[in-house]
Amino acid sequence: MSEKQYRDKLVQLARQEGVEQTNLSKARAAAAKHRSTASAALNKISRTTSEAMARSHRRAAETAEKQAAAEDAKAAKASVKLAQLAKDATAARTNLEREEKATARKVEAQRKQTLQAATRERQVEKAHAREIARLTRPEVRYVHEVRIIPEPKPEPLRVLYMTANSEMNLRTDAEVRGVQQAVRGSLHRDLIEIAYRPSATPEDMLDGLNDLRPHVVHFSGHAGDAALLFDNGDVAMPEGRDIPYDLLALALSSTDTPPALLILNGCDTLDGAEVLLDVTGTIIATADSIGDLAAATFAARFYAAVASGQSVSAAVKQGKAAVDFMGLNEGWKHDVLARADIDTETQVLVKASEESDS
């Protein structure tokens with residue numbers, strides 16, 4: 001049944017309940033009246049009353065008692081109907097709430113799909129505008145000198161890996177251990193450096209941006225509503241510190257070398273992440289809440305693929321596949337956002353020198 005049908009049913013049940021409540025009240029009143037009549041008839045019998053009149057009064061009392069019993073039966077029947085109507089109304093309200101929640105979930109899913117479609121459309125428009133600007137830019141040639149600037153040699157990929165678990169209910173430590181083990185077994189393990197920051201505070205992020213100049217900034221912990229939950233750094237009274245995406249974007253842009261990739265490995269981090277594309281070219285985030293095992297499995301396989309020279313797009317696909325191999329049915333939750341000028345299928349973060357020279 002639909003929401004409208006359940007609401008109509010509740011209205012109908014309320015009407016029936018009103019009718020039965022009226023019947024119950026009438027029956028109880030009539031029974032009381034008949035018993036009063038019976039009592040009055042019996043009270044008319046005294047020592048001076050003739051036997052004939054006494055029999056007449058007793059018959060009147062018996063008749064009134066029978067009528068009262070009949071009204072009692074009507075009242076009992078109305079009570080049974082009222083109890084059943086109350087049960088039916090409770091079931092209808094429960095079903096209505098279930099349908100309303102299902103409708104709300106559908107509306108939210110459609111909203112997210114619309115937002116993602118709008119984001120992709122804006123990226124296409126930006127790419128078109130850049131291409132038009134490139135084609136109309138005047139070409140300047142210097143014929144007096146030809147200078148060949150060699151490409152810089154590959155440097156190790158620096159990863160600022162931050163975790164926050166102020167509520168002490170996540171296995172972020174196990175996630176990091178799995179990532180480190182996966183990287184150690186990869187092809188180019190010497191070309192990736194992971195700087196682990198547990199119980200990370202927002203200040204730890206700023207220090208990491210200054211000290212490491214990371215290519216990748218990774219956050220694992222609680223998130224949602226376009227914000228990340230960092231740690232407060234207090235040993236005695238640990239609490240979370242909510243950092244919204246606009247403030248996160250300000251922090252990431254407060255360095256001369258913003259990260260090329262931002263990974264938000266928490267629940268519902270995809271919604272609203274478009275604002276971060278202004279400071280980092282590629283974002284990996286989740287489209288829904290995600291369990292510890294799925295998050296840890298994705299992270300380990302993603303970094304193993306990156307450390308083997310795979311593109312960002314391929315590494316994400318491997319992470320999704322690894323999650324589905326576990327039978328978790330959560331591989332679809334990780335997704336990639338990228339600026340229009342970045343192709344994640346050719347974006348390789350770890351590249352050996354011999355590959356660069358070839």
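I started with helix α6 (residues 292-306) and helix α7 (residues 312-325): their axes come within 8 Å and cross at roughly 145 degrees. Axes here are lines fitted to C-alpha atoms, for helices over the stretch in contact, and angles run from 0 to 180 degrees between N-to-C directions. Helices (H or I, at least four residues) and strands (E, at least two) are DSSP runs, numbered from the N terminus. On the α6 side I found A294, T297, F298, R301, F302, A305 and V306 in the contact, and on the α7 side V312, A315, V316, Q318, G319, K320, A322 and V323. Contact means heavy atoms within 4.5 Å. Sorted by class, I get 10 nonpolar, 3 polar and 2 charged residues (Ala, Val, Leu, Ile, Met, Phe, Trp, Tyr, Cys and Pro count as nonpolar, Asp, Glu, Lys and Arg as charged, the others, Gly among them, as polar).

A note on the source: this is a predicted model, where local features need pLDDT of at least 70 and side-chain atom pairs count only at pLDDT 80 or more, while totals for chains, interfaces and linings use all residues. Residues are numbered from 1 along each chain as its sequence is written, and side-chain values use heavy atoms, with hydrogens and water left out.

Next I looked up what α6 lies across: β1, β2, β3 (216-221), β6, β7 and β8, at about 160 degrees to β6.

Then I traced the sheet. It is open, has 6 strands in the order β2-β1-β3-β6-β7-β8, and its pairing is mixed (two strands pair if DSSP finds at least two bridges between them). β2 and β8 (334-338) are the edges with a single partner strand each, so one side of each has no neighbour in the sheet. I checked β1 (residues 157-164) against β2 (residues 192-197): they run parallel, joined by 6 bridges. M162 stands opposite R197 in β2. β6 (residues 261-265) and β7 (residues 282-286) also pair in the parallel sense, over 3 bridges, and L262 has I283 in β7 as its bridge partner.

Last, I checked α4 (residues 202-212) and α5 (residues 245-253), which pack at about 25 degrees with axes 10 Å apart.
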